[in-house]
Amino acid sequence: MKKKLIALSTLASGALLAAPAQAQLAPQTVTVAPASPSATSQSTAVNSGVQSQANTTAYVTLPGISAVIQQTLAGPVLAGPRRTADLAPLHSGVSAGDDPMSWQVWAQTGGGQSVNSVGVGGYTIGSYGAQLGVQKQITPKFLFGVSGAWQGSDGTLTGGFASTNSTFGVTAYAGYQLDENWNVSAMAGYSGGTNSMTNSGFNYRATYGSSQWNFQGGLNGYYKVGAVVLAPMVSILYSPINSFGYTDSNLVVVPGQSTSLTRGSVGGFISLPLDKWQPYVRATLEHDFSLPTGSWVNGYTGGTVGAGATVPLNDTIWASVDAGYNSIGRYALSSWSGSVRLNVRF
């Protein structure tokens, strides 16, 4: 019995001696948080920024140029001979029987917001910017112009990222009147910008460059049916987009990416010219043959609706305002845009 008590006492003493050693070992097991977001999460965030940039181009920048072409060739308000319209200050354009507008300058400011609520690759980004254009009516049926633009954006991206962007671009454009009711238009442009990202969950920042080409062609109609103006259109847009590789603040290397948007659109606007101004409503149906990386979750087919007005201020100056919703039928995407433009002809 005495031997058993000695043995138990020895075991207890050993356990007490072992306990401090175990307590000292436990704190050595440390989980180290990553110093930077993974390259995959950064690439996803970059893709989100590309999608927003493509939306701004497709729904603000290029539509502004297209509207200037149509107002020049078809006139801000009515189709048909000016002498029968009895609205000389409101009525202008080659299809109205006018002389060419010679030189014209225009300026536009606008922006919008895109919210993509998907779990991976989502974003909430606001955009804003300005355009300035100058054009020359080369012949009664042909015009050529150049537009310069600046676009900015800021917002949040999936994964705790915050993003800002500043982009400058230039676009050459042309329009040709086929007959009294139809014309064709073409645009070709390039833009380059700088993008910055931060992440509140890490001591993280990154800056990278991006570039985008835009090529768009359109066929546009203009008819007067009684007191109503009908303006059908069909267009195709191709935009290859590049984001350049970079090394972030924690030395993680993220490779560059190339993607593109190819979009066909059909639609138009309907308006009822009133005394000294022209309100309108517009709608388009879109199908995307290729989409920027990650955008396919929102769907390949969608639509837009909008409304606006053109207000001639005198024989040579007129103002336009437009606002629209651009994501009908696009899963988890909500996109709005608006713009104000002033045209002056010489």
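Of the 346 residues of the protein, 45% count as buried, where buried means under 20% relative accessible area, exposed means over 50%, and partly exposed covers what lies in between, with a 1.4 Å probe and protein chains only. This is a predicted model, in which local features need pLDDT of at least 70 and side-chain atom pairs count only at pLDDT 80 or more, while totals for chains, interfaces and linings use all residues. Residues are numbered from 1 along each chain as its sequence is written, and side-chain values use heavy atoms, with hydrogens and water left out.

The secondary structure comes to three helices and 15 strands; helices (H or I, at least four residues) and strands (E, at least two) are DSSP runs, numbered from the N terminus. The accessible surface of the protein is about 16200 Å², and 67% of that area belongs to carbon and sulfur atoms, the areas coming from the Shrake-Rupley method with a 1.4 Å probe, and for residues only the protein chains shown counting as cover. Among the contacts with a separation of 6 or more, 62% are between residues 24 or more positions apart, a contact being heavy atoms within 4.5 Å.

Helix H2 runs over residues 39-74, and its 36 residues reach 51 Å from the first C-alpha to the last, close to the 52 Å expected at 1.5 Å a residue; the expected span is 1.5 Å times one less than the number of residues. Because 30 of the 36 residues of H2 are buried, the helix is largely enclosed by the rest of the structure.

From the helix we turn to the strands. Strand S3 (residues 142-157) and strand S4 (residues 161-177) pair in the antiparallel sense over 16 bridges, two strands being paired if DSSP finds at least two bridges between them. Within this pairing, Gly155 has Ser163 in S4 as its bridge partner. S3 and S4 form a hairpin with three residues between them, and in the turn Gly159 has a positive phi of about 95 degrees. S4 also pairs in the antiparallel sense with strand S5 (residues 182-199), over 17 bridges, and here Ala174 stands opposite Ala186 in S5. A hairpin joins S4 to S5 through four residues.

Ala149 lies in strand S3 and is buried, with a relative accessible area of 16%. Leaving aside residues up to four places away in sequence, Ala149 touches Ala130, Gln131, Thr167, Phe168 and Gly169. Ala149 and Gln108 are 41 residues apart in sequence, with their C-alpha atoms 9.2 Å apart in space.

A search of the whole structure finds nine aromatic pairs; rings of Phe, Tyr and Trp (its six-membered ring) pair if their centres lie within 6.5 Å, and planes under 30 degrees apart count as stacked, over 60 as edge-to-face and the rest as tilted. The rings of Phe161 and Tyr204 have centres 5.8 Å apart and planes at 80 degrees, so this pair is edge-to-face. Phe161 lies in strand S4 and Tyr204 in strand S6 (residues 204-221), so the pair ties together parts that are 43 residues apart in sequence. Both Phe161 and Tyr204 are buried. The rings of Tyr208 and Tyr246, by contrast, have centres 5.3 Å apart and planes at 20 degrees, so they are stacked. Because Tyr208 lies in strand S6 and Tyr246 in strand S9 (residues 246-247), this pair ties together parts that are 38 residues apart in sequence, and both Tyr208 and Tyr246 are buried. Ring pairs also link Tyr190, Trp213 and Phe215 into a cluster.

Lys276 lies in the loop between strand S11 (257-271) and strand S12 (278-290); Lys276 has a positive phi of about 70 degrees although it is not a glycine, and it is partly exposed, with a relative accessible area of 42%. Ala332, in the loop between strand S14 (317-328) and strand S15 (333-345), has a phi near 65 degrees, a positive value in a residue other than glycine. Trp296 is found in the loop between S12 and strand S13 (301-312), and Trp296 and Tyr331 are 35 residues apart in sequence and 9.5 Å apart in space, C-alpha to C-alpha.
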